[in-house]
Amino acid sequence: KFRLELRPHGRRVSPGSLRMGRRPPSLFIGGWPSSITKCSESVMMNSNFMFGKLEWVDAFLDPFQYGDVFGNRTEFDRRCKQFGGVDIYEWSLVKFSFDVAAYLERLVRFYGKVRTVEEFRHRVGSEFLERSRFGLVACVPVSECLDENMRTHSAKPRDLGWWRSRANLTVAQADQYLCDMVLSGVLHRKFDTMKLGLDMLPPRSEECTAQFASAGEAWVGDKEVQLAASGGVWPSTASRVAVCIQGGVRSFPHPRAYQSIRDNLVNGLNASFLRVFYVLNLTSDKCSWCGEKDWDPAWGERHVQHQPGDLLAAFSAVGHFASLTVEPSCCWPKLRPGLHYEDCFPRWSGTVQWRGKEQCEADIDQYEVAYGVGFDWVLWTRPDVRWEFPIGDIRSFPSDRVHTTKTTYTELSDIFALVPRRYMPIYASAYRDRSANGSAFTCVTREQLARAYNQELCDFPGIAPLCVTCFFGNPGCLVEFHLEKHEVPFEGSIPEEITSRIPREYIVGGSGASQKSTA
């Protein structure tokens with residue numbers, strides 16, 4: 001009796017070619033990885049795919065972290081995403097669940113690979129054998145590997161952004177492809193198992209699975225480790241927070257949005273004193289959390305005029321109400337002489353957003369004077385986002401700097417920011433034109449953005465002689481250099497995945513809202 005194992009990447013073995021009476025090892029047709037591709041090569045060696053920077057990434061990253069180790073997971077995530085670059089290849093953290101014991105038992109029982117298994121055990125060591133059951137989190141060239149996997153399996157082309165929603169990697173057998181092509185390379189970099197891999201097989205589906213590592217799990221775990229390491233004492237005692245919810249109403253009246261703001265933001269801060277200030281534009285052009293019937297992939301031109309009464313359920317659920325200011329439905333802020341909105345990029349969002357922040361800062365100031373209270377922090381957020389996991393105890397954030405996230409770790413977010421109260425007037429005035437004594441607003445023009453992309457924008461009014469560098473040109477780009485000019489410390493280390501503007505089911509699985517992910 002013998003067991004015949006057919007694998008998709010190995011050559012086919014016909015039962016007629018087998019000689020009866022031979023030991024099972026004669027059936028072995030192996031190699032782990034089963035073939036060398038760009039995906040597997042990029043993890044194992046310094047190929048041109050990695051821009052010649054393997055030494056750079058190794059200086060900051062161990063090939064993997066155990067799934068039960070946090071402490072510096074968010075830094076691991078940041079370094080991983082930074083490594084790939086913005087426009088060419090995307091890298092991300094993937095968690096492998098690898099049943100090493102079952103895998104090695106199969107190699108011995110069915111293929112007689114006793115010496116190979118003994119050598120593997122010796123090289124990886126007892127810690128790996130014990131702790132790998134918690135999972136291995138590795139930095140993976142996701143874009144290249146998943147595109148390669150779809151070509152290998154002749155999968156139908158998908159929307160280029162389908163995997164960015166952190167969907168389940170079982171799509172198109174991607175998890176098994178990564179277990180074959182990537183996990184072997186990770187082990188080789190860590191334990192020098194390349195030669196052993198020639199005498200091994202890729203893991204089966206019941207022995208290895210892969211999924212995107214959870215940024216929320218890492219963020220919460222980091223906070224727990226941080227608190228334990230400091231003996232139960234947070235780095236700050238500042239715990240009085242003004243929350244500013246500012247912008248177009250859009251999805252805010254939907255429970256999926258406002259309940260997440262309540263649970264993961266307002267309650268997640270664990271503040272000693274908290275009030276919520278609203279500065280809202282009641283004219284909305286889309287509602288991405290309202291369900292499929294209201295979803296327009298092209299964002300559409302449909303406008304809805306809300307009334308304050310439409311928001312009562314959201315106000316009540318979020319709680320801690322302080323004030324509501326309704327922004328004008330017309331008339332964008334006045335730009336400095338010679339500047340026109342047709343030249344701005346984005347066309348109006350930067351100036352309109354930051355005018356709203358100035359209004360919110362004024363409302364907070366008025367509240368402090370009227371009630372004789374003072375806030376330590378201002379946390380502003382857009383009303384149309386869903387908060388996916390808790391931001392964490394406010395005392396865990398050092399109170400000497402602005403905390404936010406960065407769009408693919410390149411430029412400051414325009415989704416939210418946690419700002420020390422004393423820095424809020426500076427932060428809110430980022431789009432004021434300093435050449436006109438602050439009486440008008442400014443923006444980054446399309447021509448300036450092109451120079452900023454090439455690090456050649458060194459004459460921007462109010463920022464020069466600092467050189468402005470933007471990759472996407474979102475409103476947060478100018479804010480970053482405004483803070484730097486005024487010597488305001490900032491940190492973009494909060495995971496980008498903490499908020500979502502669009503439900504993942506409208507991204508995953510191709511174009512159109514009808515195709516949804518089961519993730």
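1. Lys-95 stands opposite Gln-211 in strand S4; strands here are DSSP runs of E with at least two residues, numbered from the N terminus. The model is predicted, with local features requiring pLDDT of at least 70, side-chain atom pairs counting only at pLDDT 80 or more, and totals for chains, interfaces and linings using all residues. Residues are numbered from 1 along each chain as its sequence is written, and side-chain values use heavy atoms, with hydrogens and water left out.

2. The sheet is open and consists of four strands in the order S1-S3-S2-S4, with antiparallel pairing. Two strands count as paired if DSSP finds at least two bridges between them. At the edges are S1 (64-66) and S4 (208-212), each of which pairs on one side only. On average, neighbouring strands are turned by 30° against each other, direction ignored; the axes are lines fitted to C-alpha atoms, and angles run from 0 to 180 degrees between N-to-C directions.

3. Strand S2 covers residues 92-98 and is mostly covered, six of its seven residues being buried, that is, under 20% relative accessible area with a 1.4 Å probe, protein chains only. S2 runs antiparallel to S4, and five bridges join the two.

4. S2 is also joined to S3 by five bridges, again in the antiparallel sense. Within S3, Ala-138 is the bridge partner of Val-94.

5. Strand S3 (residues 136-140) pairs with S1 over three bridges, in the antiparallel sense. Here Gln-65 stands opposite Val-137 of S3.

Methods: Buried means under 20% relative accessible area, exposed over 50%, partly exposed in between (1.4 Å probe, protein chains only).
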